[in-house]
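Here is a friendly note to read alongside the structure. Keep the 3D view open and follow the points one by one.

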Amino acid sequence: MLNHLFHSQLTLGIAECVVAALLALAVMLLARKRAPGILKELPVAEIRGVVQIVAVGAILALMLRGPQWTSLLVLAVMMLAAASIVRKRAKRIPRAFLLALTSICAGTGVVLAIMIVFGVIPLKITMLVPVGSMVIANTMNTQSLFLDRLRGEVTSHVGEIESALALGASADAAVLPYLNAAFRACLIPSVDNIRSLGIVWIPGIMAGMVLSGASPMFAALYQFVVLTTIFSASALACFVSSHLVTGRIFTLHEQLMLR
């Protein structure tokens with residue numbers, strides 16, 4: 001219906017964005033009693049998201065005419081932004097920004113570097129930035145889930161943790177069951193994405209490659225590569241975070257600070 005009302009791609013795209021944003025607001029309005037905070041956050045998140053993605057589109061258009069190293073600069077900025085977003089979800093964890101930035105840089109940096117060295121991800125702006133951004137974004141989401149779940153686990157089991165400390169357990173040992181629970185929970189979406197690939201959903205990158213003329217078989221295999229790369233980066237980032245976070249929620253004398 002919108003194609004009959006809007007004849008240029010730009011106006012049609014804007015109209016489609018408005019419909020999608022209003023639909024999301026309508027759904028959250030329906031479910032407002034379940035999560036009133038999300039309803040308040042959603043309009044700002046939608047406006048921010050559309051402005052950011054349009055800005056990235058404009059930057060990519062400029063970058064295509066520039067040197068290849070600028071793609072690394074863009075990925076570095078994305079990692080900083082991702083760490084800043086994770087920090088907002090982990091406000092009660094001291095120095096959460098530095099923790100998230102270290103973990104995201106370690107996870108995505110190491111995994112992307114290995115894939116580039118093997119030539120799996122070409123060092124081209126048109127490939128590195130879109131694929132790298134997907135890896136960083138998913139790693140960011142996994143980090144937020146991990147830290148949020150860990151906070152919930154720890155604050156729900158303060159008595160058990162302090163009892164373990166009183167009996168002589170180290171801080172690492174006292175919090176280990178809750179770290180493991182948070183680690184497993186945050187990776188469930190990534191594992192399910194790989195498990196349901198091709199059955200429940202056909203990701204956008206595969207559809208885009210097929211539409212641009214690539215072999216459907218190659219596009220399918222490359223989509224698997226992207227999803228497993230995302231999983232590797234997310235798992236590595238959470239692994240690093242799980243080793244660093246204990247020092248932030250306990251004092252030097254192994255007293256629990258997170259409550």
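1. A word to have ready: two residues are in contact when they have heavy atoms within 4.5 Å of each other. Please also remember that this is a predicted model.

2. Let's begin with H4 and H6. On the H4 side, the residues in contact include Thr-70, Leu-72, Leu-75, Met-78, Ala-82, Ile-85 and Arg-89. On the H6 side, their partners include Ile-125, Leu-128, Gly-132, Ile-136, Met-140, Leu-147 and Asp-148. Sorted by class, this contact has 14 nonpolar, 6 polar and 2 charged residues.

3. How are two packed helices described? For H4 and H6, the angle is about 15 degrees and the axes are 9 Å apart. Angles under 35 degrees count as roughly parallel, so H4 and H6 are roughly parallel to each other. The crossing of H4 past H6 is right-handed.

4. Next, look at helix H7 (residues 158-166) and helix H8 (residues 171-195), which pack at about 150 degrees with their axes 9 Å apart. Angles over 145 degrees count as roughly antiparallel, and H7 and H8 are therefore roughly antiparallel to each other. Here too, H7 passes H8 in a right-handed crossing.

5. Which residues of H7 and H8 meet? H7 brings Glu-160, Ile-161, Ala-164 and Leu-165, while H8 brings Ala-171, Ala-174, Val-175 and Tyr-178. By class, there are 7 nonpolar residues, no polar ones and 1 charged.

6. H8 also packs against H6, at an angle of about 145 degrees and with the axes 8 Å apart. Their crossing is right-handed. H6 takes part through Thr-142, Leu-145, Phe-146, Arg-149, Leu-150, Glu-153 and Val-154, and H8 through residues including Val-175, Tyr-178, Leu-179, Phe-183, Cys-186 and Pro-189. This contact has 14 nonpolar, 2 polar and 2 charged residues.

7. Now for the largest pocket, which holds about 1200 Å³ of space. It is lined by 31 residues, and those closest to its centre are Arg-48, Gly-49, Gln-52, Ile-85 and Met-140. You have met two of these names already: Ile-85 of H4 and Met-140 of H6 are also part of the H4 and H6 contact.

8. Which helix gives the most to this lining? That is H3, with 14 residues. Helix H3 (36-63), helix H4 (70-89) and helix H6 (125-156) each supply at least two. By class, the lining has 22 nonpolar, 5 polar and 4 charged residues.

Technical notes. Residues numbered from 1 in each chain as written. Predicted model: local features only at pLDDT ≥ 70, side-chain atom pairs only at ≥ 80, totals over all residues. Heavy atoms only, no water. 1 Å grid on protein atoms, 1.4 Å probe; cavity = no way out; pocket = protein on both sides within 12 Å on 5 of 7 lines; lining within 4 Å. Points joined across faces, edges and corners; volume = space filled by probe spheres on them. Helix = DSSP H or I, 4+ residues; strand = E, 2+ residues; numbered from the N terminus. Nonpolar A, V, L, I, M, F, W, Y, C, P; charged D, E, K, R; others polar. Axes fitted to C-alpha atoms, helices over the stretch in contact; angles between N-to-C directions. Parallel < 35°, antiparallel > 145°, perpendicular 65-115°, else oblique. Left-handed = near helix turned anticlockwise from the far one by under 90°.
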